[in-house]
Amino acid sequence: MNEVQQQSIAQLIEAAILAVPGVTAVYRPSGVASAIADLGARAIGLRGDDEPRLVIEAVDDGTRVEAMIGVAASVGAVEACRRVHAAVVAACREGGTALAEVHLTVAHVDDRAPEAQIS
Amino acid sequence: MNENDMTGLAHDGFEPEDLDGHTLDELSAYLDSGRTPVNPSIEQSPGCRIALESLERLQRLSGELLASDTAAEEPADDGWVQGILANIARDARAGRRIPLSTELDRADLGITEGAVRGMIRGAEDAVPGVLVGRTRIDGDVTVPGEPVRIRVDASIAYGRPIPATAEKLRSEIHRRLSAQTTMNVEAIDIAVRDVQRLSEGAEQRG
């Protein structure tokens with residue numbers, strides 16, 4: 001998988017995750033260092049707002065996906081993750097690759113978000 | 001920092017009040033502006049989102065406290081508010097990654113300690129007359145099934161029955177943790193650290 005294909009599959013998967021009812025956001029990787037690096041990259045035009053926020057990696061048995069999400073409390077973190085997993089499997093299939101693993105972390109549970117809210 | 005610590009603070013040397021590069025003062029000013037214009041750097045940080053929610057609740061309560069203080073015999077304790085602010089910043093950081101048990105194939109699911117602490121803190125919205133101070137999750141939460149103990153410091157409004165109010169808070173926290181995590185919670189300890197005079201509106205909120 002070359003860089004363009006990787007970017008394309010990442011966008012496909014991110015859109016699929018954001019369309020999942022109960023998902024309120026997809027966040028960039030956590031940490032002060034990465035946040036400041038991200039701000040710096042944006043300031044000098046190296047990174048755009050439309051760049052995928054998840055991490056895609058080609059491994060031996062397909063594609064590994066790493067994402068950090070926000071969820072609506074009304075749906076629940078476990079149920080939202082289950083829905084996201086199904087969406088990622090489908091998006092990988094649509095993108096012509098197999099899912100090797102999805103590493104999913106809930107970083108925010110929003111008490112006030114309705115189930116259908118997406119960011 | 002171990003592999004499950006998501007803050008990066010141990011290596012990066014940032015001060016505890018930093019939240020993905022922001023401070024509580026910045027977040028407070030952003031809240032005062034009505035969150036406009038939208039600051040993507042803040043809105044796209046889960047830690048900042050958690051802290052903003054806590055600050056909103058605290059600001060609402062502080063206003064009510066100030067109003068009630070004019071009639072109170074003793075002035076509000078500034079140290080109390082400062083302590084709550086410090087806890088908000090501490091609790092909003094990502095912290096450890098807590099696994100979510102699942103039968104799904106090829107899935108590694110988890111939730112950050114910061115998200116869990118934010119949920120615990122949010123329980124104050126459902127229990128009138130309570131403000132959550134510090135929250136701690138004791139035990140190795142990075143190991144599935146490992147017993148953990150939740151410790152919460154809280155302030156309770158003057159005049160509220162302390163045991164009954166603490167029990168309501170404990171019950172609400174248990175409900176939230178059961179709904180959102182697969183942690184093996186063996187106990188939820190509530191320590192009421194102080195009693196504050198709240199206005200009637202503050203006590204009836206939620």
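A disulfide is defined here as a pair of cysteine sulfur atoms within 2.5 Å. Good morning; I shall begin with that rule and then turn to chain B. The model is predicted, so local features need pLDDT of at least 70 and side-chain atom pairs count only at pLDDT 80 or more, while totals for chains, interfaces and linings use all residues. Residues are numbered from 1 along each chain as its sequence is written, chains are lettered from A and ligands numbered from 1 in the order in which they are written, and side-chain values use heavy atoms, with hydrogens and water left out.

How many disulfides does the rule give over all chains? The count is zero. Buried means under 20% relative accessible area, exposed means over 50%, and partly exposed lies in between, with a 1.4 Å probe and protein chains only.

Let us now consider chain B. Its secondary structure comes to eight helices and five strands, where helices (H or I, at least four residues) and strands (E, at least two) are DSSP runs numbered from the N terminus. In order from the N terminus, the elements run α-α-α-α-α-β-β-α-β-β-α-β-α. Buried residues make up 50% of the 206 residues in this chain. Contact means heavy atoms within 4.5 Å. Of the contacts in chain B with a separation of 6 or more, 65% are between residues 24 or more positions apart.

The next topic is the interior. A nonpolar core is a set of buried Ala, Val, Leu, Ile, Met, Phe, Trp, Tyr and Cys residues joined through side-chain atoms within 4.5 Å. The largest such core has 58 residues, and those that touch the most other members include A:Ile13, A:Val88 and B:Ile111. Helix 3 (residues 77-94) of chain A gives the most to this core, with eight residues. Leaving aside neighbours within four places in sequence, B:Ile111 is in contact with residues of both chains, among them A:Ala77, A:Val109, B:Leu100 and B:Gln180.

B:Arg57 lies in helix 4 (residues 46-69) of chain B. Is B:Arg57 buried or exposed? At 7% relative accessibility, B:Arg57 counts as buried. Not counting residues up to four places away in sequence, B:Arg57 touches B:Arg121, B:Gly122, B:Glu124 and B:Asp125.

The peptide bond from B:Thr36 to B:Pro37 is cis, with omega near -10°, and B:Pro37 is found in the loop between helix 2 (24-32) and helix 3 (40-43). B:Asp20, in the loop between helix 1 (9-12) and helix 2, has a positive phi near 45° although this residue is not a glycine. B:Asp20 is buried, at 16% relative accessibility. B:Arg106 likewise has a positive phi, of about 55°, without being a glycine. The place of B:Arg106 is in the loop between strand 1 (97-99) and strand 2 (107-112), and at 38% relative accessibility B:Arg106 is partly exposed. Thank you for your attention.
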